Amino acid sequence: MNIIKGGEFLLKETKSEAIFITEDFSEEQQMMKTSVKEFIDKEVWPHKDRFEKGDYAFTEEVMTKAGEMGLMSISVPEEYGGMGMSFVSNMLVCDYISGSSGSFATAFGAHTGIGTMPILLYGTENQKQKYIPNLASGKWIGSYCLTEPGAGSDANSGKTKAILSDDGKHYLISGQKMWISNAGFCSLMIVFARIENDKNITAFIVEYDQKNPNGITLGEEEQKLGIKASSTRQVFYSDTKVPIENMLSERGSGFKIALNSLNVGRIKLAAACLDACRRVTTEAIKYATERKQFKTSIASFGAIQYKLAEMATKTYATESGSYRAAKDIQNKIDTLIASGTSHQEAELKGVEEYAIECAVLKVYASEMTQYVTDEGIQIFGGMGFSKETPMESAWRDARIGRIYEGTNEINRLLSVGMLLKKAFKGKLDLITPAMAIANDLMAIPSFDTPDYSILFSEEKEMLSKLKKTFLMIAGKAVESFGMELENQQQLIMSASDIMIEIYIAESTLLKTEKLVGKLSESECTAQIAMARLNLFNAVETANTKGKEAIISFTDGDEQRMLLMGLKRFTKYTNYPNVIQLRRIIAARLITDNKYSF
Ligand SMILES: Cc1cc2nc3c(=O)[nH]c(=O)nc-3n(C[C@H](O)[C@H](O)[C@H](O)COP(=O)(O)OP(=O)(O)OC[C@H]3O[C@@H](n4cnc5c(N)ncnc54)[C@H](O)[C@@H]3O)c2cc1C
């Protein structure tokens with residue numbers, strides 16, 4: 001199998017046949033999607049107000065039901081009581097189970113992701129046999145205790161201590177954790193603590209029984225802006241006895257465990273944004289078609305059509321990128337297993353390979369959810385501001401996505417940082433293409449008129465020019481700052497924004513091209529319009545962010561040359577009429593009276 005490396009999308013052209021799209025779901029995956037949707041429509045959506053009232057017991061109740069249905073065991077290997085299904089199936093469940101409430105989505109995500117994955121990825125055979133079946137069935141709920149009052153983004157700086165007992169059989173953990181999801185009803189905690197003055201923290205599996213608390217006390221439930229019924233508490237440890245065999249992996253490897261578990265959490269967070277946005281968009285379409293002002297349905301106003309089209313496009317684009325990356329991860333896992341790597345090691349390496357894409361998706365998805373829910377409120381007007389409609393809670397619930405699983409600032413820094421690290425280690429060759437672009441800039445541009453008659457030929461050329469934009473700026477920035485580049489955060493943020501737009505725009509174009517191959521151009525007019533609109537928006541972002549970046553660290557002739565390059569790379573031969581594209585998308589949404597892609 002020809003597998004693209006993580007981050008390589010910036011250097012290579014990918015064929016549409018090589019990416020996975022949701023229309024490729026197997027029959028089994030389709031059935032799974034239907035049953036998860038039915039579960040949410042029946043058990044969760046009608047009771048949304050209970051979440052809004054902070055009914056934590058209800059969250060626990062729904063979690064138990066999800067466990068009974070087997071939804072917490074999708075990616076768990078069969079030998080530990082799971083279904084052993086693919087990474088894509090895992091994403092699918094996470095996508096559709098998260099659509100109705102951020103409270104439940106957070107509880108589910110924290111349990112199946114960061115609450116369970118560290119043991120699956122790093123546990124010994126005994127640890128997995130002992131704990132995973134209980135977690136996979138939902139009998140036990142897991143939590144992940146990394147953040148402390150003084151250690152948030154700087155997660156390796158925690159002060160929680162683990163001291164070996166005199167008899168050498170236990171560690172005694174003391175310290176304070178905060179913002180711990182599921183704390184109020186969990187039976188297992190993944191706790192990160194420092195042994196002596198180790199440089200890096202260590203991870204432990206800590207059992208928690210409220211009747212026999214073993215030195216563990218919980219703070220009150222945090223009063224939050226959103227996800228009101230997701231249990232979030234401080235956790236205090238006072239000489240909590242943890243058997244030495246409950247250390248995860250080796251002493252000092254906790255930070256690595258934390259980071260790798262978060263990679264999985266990030267791509268799953270992107271999936272968790274999807275169905276929420278499909279539902280919000282559908283609600284907005286329905287309201288817009290029913291609501292009349294000036295004796296006219298507001299859906300017929302261009303201003304509202306703009307919003308509907310952009311909401312649908314951003315949702316469609318996020319879906320394209322999320323499932324593309326999920327299948328790339330799955331392919332990598334399968335290849336590693338086929339070459340003799342253990343399942344556990346393959347999972348770990350598979351996700352690690354695409355850590356850049358996981359960070360990209362986390363940022364894009366959480367920000368697009370914010371956009372979609374915000375425009376959802378706007379379409380509802382005054383009613384959008386009222387607790388009576390689903391927009392208000394969706395907007396509040398969406399806000400946390402930009403903060404947890406690593407803030408979006410940290411993920412932006414990481415996305416570029418990890419790419420450069422791969423380049424410095426010789427895993428990706430960024431230098432040769434960056435130098436080729438520099439030479440290209442000196443050459444006289446071609447004045448040939450290309451043939452754009454094939455679908456997306458101009459768009460693909462634009463995409464390749466966007467990649468040149470990124471490489472031109474990143475290459476020059478590395479040349480100018482070397483290792484000091486990490487201190488140029490605003491510049492890195494701009495580069496990251498361009499990188500994010502490239503991944504999402506490419507995924508959207510490729511998905512649509514593959515879909516046209518399955519159906520026909522005439523059946524995909526709205527999807528084609530969405531791919532074109534999304535690319536146009538990406539080009540605009542690259543232009544703005546690129547200009548800002550170039551001006552920040554160059555001057556004179558060099559600056560003029562780079563700005564000229566930027567102009568060339570962000571210029572269409574035939575500009576798309578984006579107003580017309582939005583009309584096409586909105587017309588389809590209004591006809592279907594729902595988000596139907
Ligand atoms: C509802 C909720 C649930 C949570 N669940 C969990 C959980 O289950 N387990 C867990 O361990 N944690 C959890 N967290 C904690 C969460 O992961 C942290 O809040 C997050 O990592 C940010 O840390 P912080 O709040 O300390 O912010 P800080 O790290 O203090 O950041 C404050 C601001 O500074 C920025 N910043 C920080 N460092 C840098 C830098 N180097 N460069 C540029 N900008 C920077 C940040 O991006 C942010 O904008 C949860 C938080 C919330 C609110």
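1. A polar side-chain atom of Ser-153 sits 2.6 Å from an oxygen atom of the ligand, a polar contact (a pair of N or O atoms within 3.5 Å). The protein buries 68% of the 970 Å² that the ligand exposes when taken alone; accessible areas come from the Shrake-Rupley method with a 1.4 Å probe.

2. This is a predicted model, in which local features need pLDDT of at least 70 and side-chain atom pairs count only at pLDDT 80 or more, while totals for chains, interfaces and linings use all residues. Residues are numbered from 1 along each chain as its sequence is written, and side-chain values use heavy atoms, with hydrogens and water left out.

3. A polar backbone atom of Tyr-144 is 2.7 Å from a nitrogen atom of the ligand. For Ser-181, an N or O atom in the side chain is 2.9 Å from a ligand nitrogen atom.

4. The ligand is surrounded by 18 residues, each with a heavy atom within 4 Å of the molecule. The closest are Thr-147, Ser-153, Trp-179, Thr-407 and Glu-409. At least two shell residues come from each of β3 (170-181) and α13 (408-424); helices (H or I, at least four residues) and strands (E, at least two) are DSSP runs, numbered from the N terminus.

5. What is the make-up of the shell by class? The shell has 10 nonpolar, 6 polar and 2 charged residues. Asp, Glu, Lys and Arg count as charged, and Gly is among the polar ones.

6. Helix α11 (residues 355-380) packs on helix α12 (residues 390-398) at about 160 degrees, with the axes 9 Å apart. α11 is therefore roughly antiparallel to α12, a class for angles over 145 degrees. Their crossing is left-handed.

Note on methods
A polar contact is a pair of N or O atoms within 3.5 Å; within protein, one must be able to donate a hydrogen and the other to accept it, and residues adjacent in sequence count only if both atoms are side-chain atoms. Axes are lines fitted to C-alpha atoms, for helices over the stretch in contact, and angles run from 0 to 180 degrees between N-to-C directions. Angles under 35 degrees count as roughly parallel, over 145 as roughly antiparallel, 65 to 115 as roughly perpendicular and the rest as oblique. A crossing is left-handed if the near helix is turned anticlockwise from the far one by less than a right angle, and right-handed if clockwise.
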